[in-house]
Amino acid sequence: MKATAFVICGLLLSEALAVSLYNGTPVNKERVSYFRQVTRVSSQATKVGVDLCPTCIDFTGQAIDTLLNIILQSGVVGTCGALCNALAQKTGSQALGAVCNILCDVVGVEEFVKLVQEADLDPIYLCELLKVCPIKDDGDAHITSFSVDPKSGPQGAFTLDLEFESKNGTGTGELILECETVDHLPVQGGFIAEMQPAGNYSKQFNLKAEPDPDCDPTQGPCEQWLPGNYTVKIFVCNGECGSKHPHSQVYDSAQTTFTITE
Ligand SMILES: *[C@@H]1O[C@H](CO)[C@@H](O)[C@H](O)[C@H]1NC(C)=O
Ligand SMILES: *[C@@H]1O[C@H](CO)[C@@H](O)[C@H](O)[C@H]1NC(C)=O
Ligand SMILES: *[C@@H]1O[C@H](CO)[C@@H](O)[C@H](O)[C@H]1NC(C)=O
């Protein structure tokens, strides 16, 4: 799962998975991802080099609670190497350890430890405090259309289409999708949204509305996608959706419905 997230992050650069609605508790890791963002080739995708901002958010989403535990348990952490080694061991991920070293070296271990505590488990906020992600507080977004295709059909793929206008650009944030299901199990997806200039934007997502064969029922109930009506909500946010930290705001939200037939 962690390796997958890094591969996705490396491939899509600006559009990584694995963020979720901030609620002040450790980042909620989804067991099954039903939502996928359909990437389109745009001028943004031709940027040269790896952008550290989405990598940082993706890393922080996976590592910040473990990192905080290491800091709280060990009291004084001497070097970036020691801290990030401990992270790599606890998570069993060399990749997380490596990104940890890169980010920690940006500000030095003392400042890094201070900022991880200050960020209070909010990944985007931490990456802004580290000055790896740009801050823009006078941005805006207004959803002009949010629709689903097909409106009605059997279990399978549904395509969600989002269009929004930003008159003054958007800050580093995220898009959150939430599906209200017939069996009331939560289905949620989060996507990093990098800072963008003013313009009209269009994004597409796939919702795989069918039981996932990889869902492990011993870990809790698995979504069945029963016949009935489903409501999908979308939130376009500066920072983490729902965060009380600075540089955070829900720009706009919308919803649409579809029906799964027998
Ligand atoms: C729009 O963004 C620019 C640059 O980020 C800023 O200087 C300006 O004050 C913003 N305008 C509004 C109306 O917020
Ligand atoms: C978005 O598109 C509308 C309609 O084409 C246009 O009037 C508007 O100026 C565009 N907005 C921006 C910020 O480019
Ligand atoms: C689902 O939505 C359709 C169309 O809005 C409505 O006619 C139907 O009664 C709804 N079904 C349920 C089970 O709520």
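**View 1. Helix α4 and its buried side.** Helix α4 takes in residues 94–107, 14 residues in total, and reaches 21 Å from its first C-alpha to its last, close to the 20 Å expected at 1.5 Å a residue. What you're looking at is a predicted model, here and in every view below. Look for L96, G97, V99, C100, L103 and C104, which are buried in α4. Around the axis they cover an arc of only 165°, so they sit on the same side of α4. Turned away from that buried side is a face with the exposed residues Q94 and D105. Just after α4 comes G108, with a positive phi of about 90°.

**View 2. Helix α3, end to end.** How many residues does helix α3 have? It has 12, running over residues 80–91. The buried residues in α3 are C80, L83, C84, L87, A88 and T91. Seen down the axis of α3, they fall within an arc of 135°, so they line one face of the helix. Here's the background for that pattern: an α-helix has 3.6 residues a turn, so residues three or four places apart point the same way.

**View 3. Two residues with a positive phi.** A bit of background first: most residues other than glycine have a negative phi. D120 isn't a glycine, yet its phi is positive, at about 55°. You'll find D120 in the loop between α5 (109–119) and α6 (123–129). With 37% relative accessibility, D120 counts as partly exposed. Now move along to H184, which is not a glycine either and has a positive phi of about 65°. H184 belongs to the loop between β5 (173–180) and β6. Is H184 buried or exposed? At 71% relative accessibility it is over the 50% cut-off, so H184 counts as exposed.

**View 4. A cis peptide bond at P150.** Most peptide bonds are trans. The one from D149 to P150 is cis, with omega near -5°. P150 itself is in the loop between β2 (142–149) and β3 (152–153).

**View 5. F191 in strand β6.** F191 is part of strand β6, which runs over residues 187–193. Its relative accessible area is 1%, so F191 is buried. Where does V236 come in? Along the chain, F191 and V236 are 45 residues apart, while their C-alpha atoms are separated by 9.9 Å.

View 6. D161 has its place in strand β4. Why does D161 count as buried? Its relative accessible area is 15%, and the cut-off for buried is under 20%. The side chain of D161 makes a polar contact with the side chain of Q204, at 3.3 Å.

**View 7. The surroundings of ligand 1.** Three names to look for around ligand 1 are K136, D138 and N168. From K136, a polar side-chain atom lies 2.7 Å from an oxygen atom of ligand 1. N168 also has a polar side-chain atom by the ligand, 2.5 Å from an oxygen atom of ligand 1. On its own, ligand 1 exposes 360 Å², and the protein buries 31% of that.

View 8. Which residues are around ligand 2? They are E165, S166, G199 and N200. Sorted by type, this shell has no nonpolar residues, 3 polar ones and 1 charged one. A polar side-chain atom of E165 is 2.8 Å from a nitrogen atom of ligand 2. For N200, the distance is 2.3 Å, from a polar side-chain atom to an oxygen atom of ligand 2. Ligand 2 has 360 Å² of accessible area on its own, and the protein covers 36% of it. The elements giving two or more residues to this shell are β4 (156–166) and β7 (199–209).

Methods. Residues numbered from 1 in each chain as written. Chains lettered and ligands numbered in written order. Predicted model: local features only at pLDDT ≥ 70, side-chain atom pairs only at ≥ 80, totals over all residues. Heavy atoms only, no water. Near = heavy atom within 4 Å. Polar contact = N/O pair within 3.5 Å; in protein donor to acceptor, adjacent residues only side chain to side chain. Areas by Shrake-Rupley, 256 points an atom, 1.4 Å probe, with all protein chains shown as cover. Helix = DSSP H or I, 4+ residues; strand = E, 2+ residues; numbered from the N terminus. Nonpolar A, V, L, I, M, F, W, Y, C, P; charged D, E, K, R; others polar. Buried < 20%, exposed > 50% of the residue type's maximum accessible area, 1.4 Å probe, protein only. Expected span 1.5 Å × (residues − 1). Arc of directions from axis to C-beta.
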